[in-house]
Amino acid sequence: MRRGLALAAVALCVAAVTAGAQKPTAQDPLDRAMRDELARSMTELRLDTLPKPYFVAYRIDDIETIEATASLGSLLSGSDARTRHLRVELRVGDYDFDNSNFMGMGGGPAFSMLAGLRGGALLPLDDQYQEIRRQLWLASDGAYKRAVEQLAQKRAALQNQTRAEHLPDFSKEAPAVLTDVVPAPPLDRAAAEALVRGLSAAFRAFPEVYSSGVSWSAGVVRTRYLNSEGSAFTRSSPWLVLRIHAATQAVDGMPLGDVVTLYGGAPTDLPGRDHLADSVRALATRLTRLRQTPVAEVYNGPVLFEGDAAAELFNQVFAPRLVAARRPMAANPMMEQFAARAETPFLDQIGGRVLPTFLSAVDNPTLTTFEGRYIGGYRVDDDGVAARETRLVDHGILKTLLSTRVPARGIPHSSGNRWGAAAVVSNLVVSADSGVTDQALRAELLKRAAARGRPYAVIVRRIANSASLAMSDPMEFMAAMGDDESDAPALRAALAVKLFPDGHEEPIRNAAVSGVTAASFKDIVAASRSRTVYTSPFRSPGGMFAGLTGGGGMSFQMASAGLGYAASYVVPSLLFEDVTVKGPNGDLPKPPLSGPPWAGSSPR
Amino acid sequence: MRTIALSLLLCACVAMAAAAQARATSPVLDAMRTELTRSLTTFKGQPTAPYFLSYEISEAHTVNVAGSFGAITQSAEHRHRALDVDLRVGDYRFDNTHPLRGGLPGRAFMGFGEGMAEIPVDDDPGAIRAALWYATDRKYKRAVEQLTWVKTNAAVGVAAEDTAPDFSAEQRETFTEPVARIGADRRVWEEKIRRYTAPFARYGDIYEAEAVFIAEVDSRWYVNSEGTEVQTSQPIYRLYVSAFSKADDGMELPRYESFWAFTPEGLPSDRTVLAAVQKMIDDLHALRRAPALEPYTGPAILSGRASAVFFHEVFGHRVEGHRQKLGIEGQTFKKKVNEQVLPPGFSVYFDPTLRRLAGTDLAGFYRYDDEGVKARRVAVVDHGTLKTFLMARSPIEGFASSNGHGRAQLGLPPVARQSNLVVETAEPHSQAELKRMLIDEIKRENKPYGLLFDDIEGGFTITMRFIPNAFNVMPVMVYRVYPDGREELVRGVDFIGTPLTTFSKIVAADDHVAVFNGMCGAESGWVPVSAVSPALLVSQVEVQKKLKSGERPPILPPPFGAAATP
């Protein structure tokens, strides 16, 4: 329902480099409460003859946010909020075999009011030792009871199964005490409201854009983490997302929509106000023109994905495969079906070729900018493991995958990529050995199109991210819910053109791109020397399963705080040999019967 | 101090405006009227023109502060507006909202969300009209599609059970009251919430203890094509306190208290709240020691608050008009008009114009409903005989018009809902007499004991919006009453039964009227309601064991020196 829509809001969680970090003091009541209750849980938390926990971790996220949304110069909503969330991760058994990586029958109490069983709790904002400690006590108690029950179920299930492969449940990592704190920029709600009012007013000059808006979401997550192995970290992750969205209908009634999303850690990471106003006008102009543009016809042949489109292609198709997710043990054959789907297919392709030999890819969370542009990152992940660069693809050959402390086949250790419940892509940097100029790439595209007997070639400049669109339009939200996670998702080109042999371009609209799968990336025929820096909401394929089968609860608190996750990319433009581009099927809604009421009125 | 003075002044203004029925200028109403007129002109040229169009814009301006065990967990202020468009094609008799065969509501089936939109909170006519325009266009197209569909559906189906028209024509109304402001200081309330929840912090066997303060101004602007224009604005101040403990056998034991007022000073003093908190703590500890009750049938007294909630749930929802129309509904009372449904001494009326009763502000007070119809008193049961239903603008056989009970949460389409439910008895007994009658009944039926339901948890549904873990409507304070008059607290039962049987077992009532204020949730969302009733003696109730988690209390003792459980 409506509430559900609000929760769908996705934002970026990124952190910048450590600067003048301060160590947590022993006096801090939160740190003291975490330390004291953790020590007690490790030594005393035990039910009758059942095992004690062998691992306990507490994470407290202090989340401050401000949001402002406006349409046509008028404020739709504005808010500021601060909440503090606790998450407990508790394991019984040992590193080799514990209560995690298991899909049981639920089996816990029919319902429970004790917070621990829900995987965490809302903590007081006041720094009161006793109250923080009370919540830690109750949450640990719930987590422990759930863990011993899971372990018993898992042992019982094992009596009827032979395990095909033996993998430890939790990796041993060297304990580390880390700090990743940046001074967070002040959160100014009045300034944000003024900005979105001002920017959104520019749409008044575009009567053919039927629905539009500008929203600002900024905040900071201050995290404290402590585990029983001696690891601890404090981390601050400021974020800022400015979204400009517009939707209309083409002259034939076909819906058109686009979103421009800008990310940063502080307002200074965004372009200046004049530049932002230009972006609003550019989006409105583009959409107004698209209304009259002919719809895409069916095209099979070479397609050049330029800049943002290449990055979004990586984000939606290839990058999710770079995250290691193993198949959990299941309690029964029915669950087995789900469990099988959890595994990343790329686990079997380590050592094999997944990209052309001229391309390599690394993930590096410690980068914060690339060629002067903000991309964000972090120094320590949610397991308390230090972030580092991981060479994923070396000259086309897949070397490893990004991981948490949950080992997968061939990946015994964490790469320091846990964010939330699962591993994520942080900053994916793709480099080309034999990158060509943009000009040469277009020439190559035309040459290949001609060889296929095509009168023109297709360039895709922007691909829509459904999660991003969903935030601005309830109808899009419904569509995104129905999105399949199949091997070849349908990609919507928000901006695409026909390129003719004489070099002139003609725009096309409502183009859907199909036939691009993770497997087709190894057949990329050429890449540009220039690279684009891009950030977009990232959906980790392991997220859902990690939440269900992990030692902790689902990170629903983060979801309820409206926080999602976005990954950054540095990628060249990419030329694919065989792609299908076509217009949509199905019936079209009619255009509105009257023009908008503000047509002709001047912006305030 | 200043805040209070200011809001008092404001209330005086409100009252004056109400008395004068003055028509002030309202930029929101103006924008709505302009766009409504333009829309009708646009659609006039279409083959299927609307015969009715209405807009309702509702605004919720909310301050809320939540705390737990003496510390603040949340403190926020929020303001937003939502739109509901009702656009109808066809005519009053048969339109696009006609129920589908099989008894499903036509309107809900297709086009969910079509007439909804987020509306700017700035009073900017251009931006407001833009949102109205786009939502109206979508709604219109859907309505035309729906009409074709329901026409075919009606043609191929058997004759409808209820032949009433789809929509009632209503009188034109105009009313404007100024938009109220919130008279509560967040910082003051943060301090109060800390103080109210601090007493719980001494105990290690109370696992959740929360207080929530919500100050809300609910403003509504309504315009329709029949010429009605209404602007209302009502501040509401609410305070909820909830806590739970566990018995040694794992049973969850909750306690709730709620306070409700139209002015900040209408809420109880700190002393009263703290006394209620202490009572909650004492009750929880007593419940922990109380024996679990086994399934039982026999006589019982429902306290005033318990009876009020019982009537709201069991009776009130069954006299909501539109439920008599749809085939999927139980329609307990549909064919019972002018028949006796309660003992002859009992009457039930709903009165949204009542602002205060028995020293308490009534949550179900309003001047106009969400379809622009003027609120009025509706006598539903007169001396035991069912007379009418609660009506929105959806007529049913024998009841052609609305009686001002079309209500909705902001942004949702309204249906018939309750307002202030009042149960009256012609022959009130004293509390002592009622207990004596219970004991006589126990003896007559040869039962070892009877029951006293002191509080039913209607309050549980109230907190659901903020604590997403509510499951049940259940009695929390239940006593065994022995033939010698002794009372013993018990725990762990739900009150079950069927409405008609239970009503026929009502024997008598006392003279002690109690008020229950709460939020009621149904298909048109959450609306504030009130229920008022004396205590009732029922000759036979049935209780069953309530669902409990098998989860034991925490393994380790509290990590602080907790006060000993008394």
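Which residue of S25(B) stands opposite B:Ala508? In this predicted model, the residue that stands opposite B:Ala508 is B:Leu537 in S25(B), and the legends below begin with the strand that holds this residue.

**View 1. Strand S25 of chain B and its partner strands.**
Strand S22 of chain B, made of residues 506–510, pairs with S25(B) in the antiparallel sense over three bridges, and B:Ala508 facing B:Leu537 belongs to this pairing. Strand S8 of chain B (residues 296–302) also pairs with strand S25 (residues 536–545) in the antiparallel sense, here over six bridges, and B:Thr297 stands opposite B:Glu542 in S25(B). Strand S21 of chain B, which covers residues 493–496, is joined to S25(B) by four bridges, and these two strands likewise run antiparallel. In that pairing, B:Val493 stands opposite B:Lys545 in S25(B).

**View 2. An open sheet of six strands in chain B.**
The six strands of this open sheet follow the order S13-S12-S9-S16-S24-S23, and their pairing is mixed. Strand S13 (385–386) and S23 stand at the edges with a single partner strand each, so one side of each is left without a neighbour in the sheet. Moving in from S13(B), the student meets strand S12 of chain B (residues 378–382), which is joined to S13(B) by two bridges and runs antiparallel to it. Strand S9 of chain B, residues 346–350, in turn pairs with S12(B) in the antiparallel sense over three bridges, and the bridge partner of B:Phe350 in S12(B) is B:Val378.

**View 3. Helices H2 and H4 of chain B.**
Helix H2 (residues 27–44) and helix H4 (residues 125–156) of chain B have axes that come within 9 Å and cross at roughly 35°, and the crossing is right-handed. On the side of H2(B), the residues that make the contact include B:Val28, B:Ala31, B:Met32 and B:Phe43, and on the side of H4(B) they include B:Ile128, B:Leu132, B:Trp133 and B:Tyr140. Sorted by class, the contact of H2(B) with H4(B) has nine nonpolar, three polar and three charged residues.

**View 4. Helices H2 and H3 of chain A.**
In chain A, the axes of helix H2 (residues 29–44) and helix H3 (residues 129–158) come within 9 Å and cross at roughly 35°, in a right-handed crossing. Among the residues of H2(A) that make this contact are A:Pro29, A:Leu30, A:Met34 and A:Arg40, and among those of H3(A) are A:Tyr129, A:Ile132, A:Leu136 and A:Trp137. The residues of the contact of H2(A) with H3(A) divide into eight nonpolar, two polar and five charged.

**View 5. Helices H5 and H6 of chain B.**
Helix H5 of chain B, residues 186–197, packs against H6(B) at an angle of about 35°, with the two axes 9 Å apart, and the crossing is right-handed. H5(B) makes the contact through B:Lys192, B:Arg195 and B:Tyr196, which meet B:Asp270, B:Val273, B:Leu274 and B:Val277 of H6(B). By class, these residues are four nonpolar, no polar and three charged.

**View 6. The second largest pocket.**
About 820 Å³ of space lies in the second largest pocket. Its lining has 37 residues, of which B:Arg305, B:Asp454, B:His512, B:Ala514 and B:Val515 lie nearest the centre. The elements of chain B that give two or more residues to this lining include helix H6 (270–289), helix H7 (304–315), strand S18 (450–456) and strand S23 (514–522). The largest share, six residues, comes from S7(B). By class, the lining of the second largest pocket divides into 16 nonpolar, nine polar and twelve charged residues.

Note on methods
Residues numbered from 1 in each chain as written. Chains lettered and ligands numbered in written order. Predicted model: local features only at pLDDT ≥ 70, side-chain atom pairs only at ≥ 80, totals over all residues. Heavy atoms only, no water. 1 Å grid on protein atoms, 1.4 Å probe; cavity = no way out; pocket = protein on both sides within 12 Å on 5 of 7 lines; lining within 4 Å. Points joined across faces, edges and corners; volume = space filled by probe spheres on them. Nonpolar A, V, L, I, M, F, W, Y, C, P; charged D, E, K, R; others polar. Pairing = 2+ DSSP bridges. Axes fitted to C-alpha atoms, helices over the stretch in contact; angles between N-to-C directions. Left-handed = near helix turned anticlockwise from the far one by under 90°. Contact = heavy atoms within 4.5 Å.
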